[in-house]
Amino acid sequence: MDVQRKLEILADAAKYDASCASSGTEMRDSSDGKGLGSTAPGMGICHSYAPDGRCISLLKVLLTNACNYDCLYCVNRTSSNVPRARFTIDEIVKLTLDFYRRNYIEGLFLSSGIIRSADYTMEQVVSVARKLREDHHFRGYIHLKTIPEADDTLIAEAGKYADRLSINIEVPEDSLAKLAPEKDVRAIRRTMGRLRLKLDEATEAGASKAKPPRFAPAGQSTQMIVGADSSNDQTILATSANLYGAYRLKRVYYSAFSPIPDSSRALPLAAPPLMREHRLYQADWLMRFYEFAVEEIVEGAGMLPLDIDPKLAWALRHRDRFPLDVARASREELLRVPGFGRKAVDRIIATRRLTSIRAADLGRLHIPKQKALPFIILSDHRPSPRLLDTASLAERFKPKAAQLGFGF
Ligand code: SF4
């Protein structure tokens, strides 16, 4: 099999991993000769965010899509009837360098099905990174998937060469035994714990000015598949909160389950609404940057509303806390106002030290006026009782079009 065909198979097999997906935009292209440009990345190329916030392009492939495991939600599972391929280490190294030299990519995202053993697979993955870094002095970004049961020395070596390491937990623990019987949740958690210890050691050494051992400076991440099992949003977010707290994960990625060919009857036939994935990202953002607890974000039946964002939904459920006087409210209170982002709150706090804030100032502070005004008091604005009516407010905020982006 030539390398081009292997790339087709192994890039396609890698696309289900959301850890570096460029989701959230519609796919457009100009291959019909009309228009210019495309949002569909080239084969095997995905977009991700570097630690400094830049959007970068990565070659995203599997070393092999052969796998000993039979995770029901995975197109690469051993019982799946798909064409199989396997790159040699040198083939991936060459592809990465060729793509890099042509400016197609700024780095590599490498994962693999598990073949022979966890150690053998991890050794193969690490060898690619080792060759790139040591033989070719490759300075681009490298994200490696970590095989949970792999030996500690291999994990340490992976961290030496990679910018980021990830282990996919995929589904909340209660469902893992049913959907991925060979996966051992204790091994996954143990390895996340090992990664955390090594990340902490590197951070502490850096703080004490000792030369820190290089270990995955962009940290560790994981992915959760949404809609492959009956877990509700509350369970998914509680799992994420636990992972962020226990293992200092940089990111949990949420990937809406896509039905796969010849799938098990244990799986749903249809994909969940993409908006569910988007709302989970927004809720995740609220937990990490807006000091919301899971129980505050998701109440009742345990599902996030699809028609309005979770922060607005929380504010509508807690109308007694509003309207909030922007001149006096604490930072924590301001962060809970719909439409107020973190930067906007910083700007408000800096501005109100000098002058009173008026409704006309909201635009300059990058705050969506219509969204925020029903919840705040300004020097020249107090919402009318009609505006404070929860039912009509909820109706007003139901979107005409899907909301994308994280502007809460
Ligand atoms: S171990 Fe990974 S590649 Fe293998 S079947 Fe499970 S999810 Fe797929």
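The shell of residues around the ligand divides into six nonpolar, two polar and one charged, where nonpolar means Ala, Val, Leu, Ile, Met, Phe, Trp, Tyr, Cys and Pro, charged means Asp, Glu, Lys and Arg, and the others, Gly among them, count as polar. This is a predicted model, in which local features need pLDDT of at least 70, side-chain atom pairs count only at pLDDT 80 or more, and totals for chains, interfaces and linings use all residues. Residues are numbered from 1 along each chain as its sequence is written.

**Around the ligand**
- The residues around the ligand are Cys67, Tyr69, Cys71, Cys74, Asn76, Arg77, Gly113, Ile114 and Ala180, each with its C-beta atom, placed from the backbone, within 6 Å of the molecule.

**Ser57**
- Ser57 is buried, because 21 other C-beta atoms lie within 10 Å, and a residue counts as buried at 20 or more, exposed at 12 or fewer, and partly exposed in between, with C-beta atoms placed from the backbone.
- Although Ser57 and Tyr104 are 47 residues apart in sequence, they are 7.2 Å apart in space, C-alpha to C-alpha.
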